[in-house]
Amino acid sequence: MYYLTSPVRIWREQKTDYPFLGRVGRLVSWTKVIAAPVSFSDQAPYVVGLVDCGEWGKKMGQLIGVEEGELKVGRKLIGVWRRLRIHGDEGLIEYGVKFRRL
Amino acid sequence: MKLQILGAYQTKFGELWDKSLTDLISEAAMGAIQDAGIGIKDIETIYVGSMLAPAVAGQSHLGAVAAEILGISLPVTVIEAACASGGVAVRQAALAVESDRYKNALIIGVEKMTDVSSGEITEALMGAASSEEERRSGITFPGLYALMARAYLDKYKLQAKDLASIAVKNHSYACLNDLAHLPFCVSEEDVAKSPLVADPLRLLDCSPVSDGAAAIILSTDKKKTQGVYLVGSGQASDSISLTKRQSLTQLRATQLAVKEALAEAKVEIKDMDVLEVHDCFSIAEVLAIEDLGLASKGEGLVWLKKHGGMINTSGGLKACGHPVGATGVKQIVEVTRQLRGELGQRQVKGARLGLTHNVGGSGGTAVIHVLSN
């Protein structure tokens with residue numbers, strides 16, 4: 001509804017995540033999203049973190065397998081490949097990087 | 001050349017289901033023209049600021065919409081800079097009028113946001129963030145500012161509840177503003193009890209989703225005056241994405257833009273009597289106070305406890321409302337009225353210099369104006 005998506009766009013944007021697969025980074029900040037955008041509403045609530053992967057730059061991604069009490073600045077995380085969301089009635093599946101505890 | 005704000009008008013902000021984009025544009029435009037005491041034929045160019053019209057209303061080409069409403073043929077420019085669309089539209093119009101190409105410019109900021117659901121508008125607003133770096137993570141705008149809030153609170157050893165005073169102050173002004181979206185008072189306890197939106201930000205830390213419009217006339221016409229002048233303007237940008245920012249606890253775009261505006265106006269920030277700053281979320285007002293140079297880093301909340309009465313007398317984005325493209329123009333309207341001495345119980349006595357601070361996205365754009373009477 002808010003932007004036109006397509007297999008081409010999903011394929012191209014997924015490639016921006018490849019460099020972060022298997023990268024180890026440290027947590028800079030995080031938030032638990034309760035009021036989610038409509039394309040992520042089936043996943044809410046979820047935690048999104050800003051992760052510093054050193055020379056590879058900073059990456060924003062959902063945090064998985066990390067308990068709330070374990071969230072702290074500097075926590076080591078690793079980038080893993082996960083499903084991000086499913087688009088529209090045709091069910092286009094978008095994958096990308098999320099971060100789990102190392 | 002003296003650039004004056006000849007006319008100023010704001011519509012009611014709120015959930016205006018009976019008003020369309022064209023209704024809002026029409027009301028604001030005619031309101032400003034009548035306030036200026038000029039005719040439609042005296043307008044030589046129009047600037048329109050809006051972000052979401054294509055996504056939410058299915059309406060691009062707002063320039064032609066405005067021209068159709070006013071029944072005139074003239075140059076119309078549409079500006080999009082996310083939440084800074086209105087402020088940047090004012091600046092572009094000012095540059096055009098200062099060039100002496102036009103004598104009278106009409107600037108309209110407008111947004112319709114409440115026709116769609118909360119999840120849908122949250123999705124649409126993510127157009128102001130990075131599509132590649134941020135949108136795909138599921139982050140939201142409250143989420144982006146929550147990341148900044150957490151970093152700030154952690155760095156300066158504060159707690160989330162310390163931010164509640166911002167909402168209390170801004171709502172206390174909104175109670176006195178019949179154009180505000182949320183004209184009711186709140187307590188710090190109300191803020192603490194409101195539901196989490198993006199931890200640590202709660203519902204009452206966040207500006208509402210609003211419809212509304214505002215308009216001003218900028219003029220170099222020497223025959224007419226309302227006594228309020230635009231004396232300085234500054235604009236700067238930073239990365240759209242937080243992943244590329246140097247810091248989560250300051251907005252470089254604000255710091256650069258205010259330097260330019262104050263230099264042009266030949267004044268200092270401490271000379272300001274009244275300011276409308278971009279409090280899309282409570283943390284944003286704290287960062288604004290520090291980035292504008294009113295307080296040192298980490299001291300924004302302390303400064304606000306002493307001097308907050310001069311900040312956001314409209315109720316701010318938090319309580320007056322935040323129809324995204326309208327906000328930057330509405331800030332100019334509010335400060336203009338302060339400098340005219342029109343605001344009754346909200347009046348800052350003896351106000352002579354005012355500043356508006358309008359930010360796009362999470363700090364990708366900042367635009368500042370200085371006004372004087």
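**Exercise 1. Find the polar partners of Ser210(B) and describe its surroundings.**

Step 1. Take the side chains. Ser210(B) and His181(B) are joined by a polar contact of 2.8 Å. A polar contact is a pair of N or O atoms within 3.5 Å; within protein, one must be able to donate a hydrogen and the other to accept it, and residues adjacent in sequence count only if both atoms are side-chain atoms.

The model is predicted: local features need pLDDT of at least 70, side-chain atom pairs count only at pLDDT 80 or more, and totals for chains, interfaces and linings use all residues. Side-chain values use heavy atoms, without hydrogens and water; residues are numbered from 1 along each chain as its sequence is written, while chains are lettered from A and ligands numbered from 1 in the order in which they are written.

Step 2. The Ser210(B) side chain reaches the backbone nitrogen of His322(B) at 3.1 Å.

Step 3. Ser210(B) sits in the loop between β6 (201–202) and β7 (212–219) of chain B. Helices (H or I, at least four residues) and strands (E, at least two) are DSSP runs, numbered from the N terminus.

Step 4. Ser210(B) has a relative accessible area of 0%, so it is buried. Buried means under 20% relative accessible area, exposed over 50%, partly exposed in between (1.4 Å probe, protein chains only).

Step 5. List neighbours. Not counting residues up to four places away in sequence, Ser210(B) touches several residues, including Glu111(B), Met113(B) and Pro323(B). Contact means heavy atoms within 4.5 Å.

**Exercise 2. Characterise the interface of chain B and chain A.**

Step 1. Count residues. Chain B brings 32 residues into contact with 35 residues of chain A.

Step 2. Get the area. About 2,800 Å² is buried between the chains, and carbon and sulfur atoms give 58% of it. Buried area is the accessible area (1.4 Å probe) that two parts lose on being put together, summed over both. In chain B, Glu123(B), Arg136(B) and Leu147(B) lose the most area to chain A, together 26% of what that side buries.

Step 3. Look for charge pairs. The rule finds four salt bridges across the interface. A salt bridge is a side-chain nitrogen of Lys or Arg within 4 Å of a carboxyl oxygen of Asp or Glu. One of them joins Asp17(A) and Arg136(B) (3.1 Å, N to O).

Step 4. Assign elements. α5 (118–125), α6 (141–155) and β5 (196–198) of chain B each supply at least two residues of the side that touches chain A. The largest share, seven residues, comes from α6(B).

**Exercise 3. Identify the residues that touch the most other members of the largest nonpolar core.**

Step 1. Name them. The core has 76 residues, and Tyr145(B), Leu275(B) and Leu355(B) touch the most other members. A nonpolar core is a set of buried Ala, Val, Leu, Ile, Met, Phe, Trp, Tyr and Cys residues joined through side-chain atoms within 4.5 Å.

Step 2. Trace the source. α6(B) gives the largest share of this core, ten residues.

Step 3. Separate the rest. A second, separate core of 32 residues includes Ile5(B) and Leu230(B).

**Exercise 4. Compare the backbone and exposure of Lys266(B) and Asn312(B).**

Step 1. Read phi. Lys266(B) has phi near 60°, a positive value in a residue other than glycine. Asn312(B) also has phi near 60°.

Step 2. Lys266(B) is exposed, at 74% relative accessible area. Asn312(B) is buried, at 0%.
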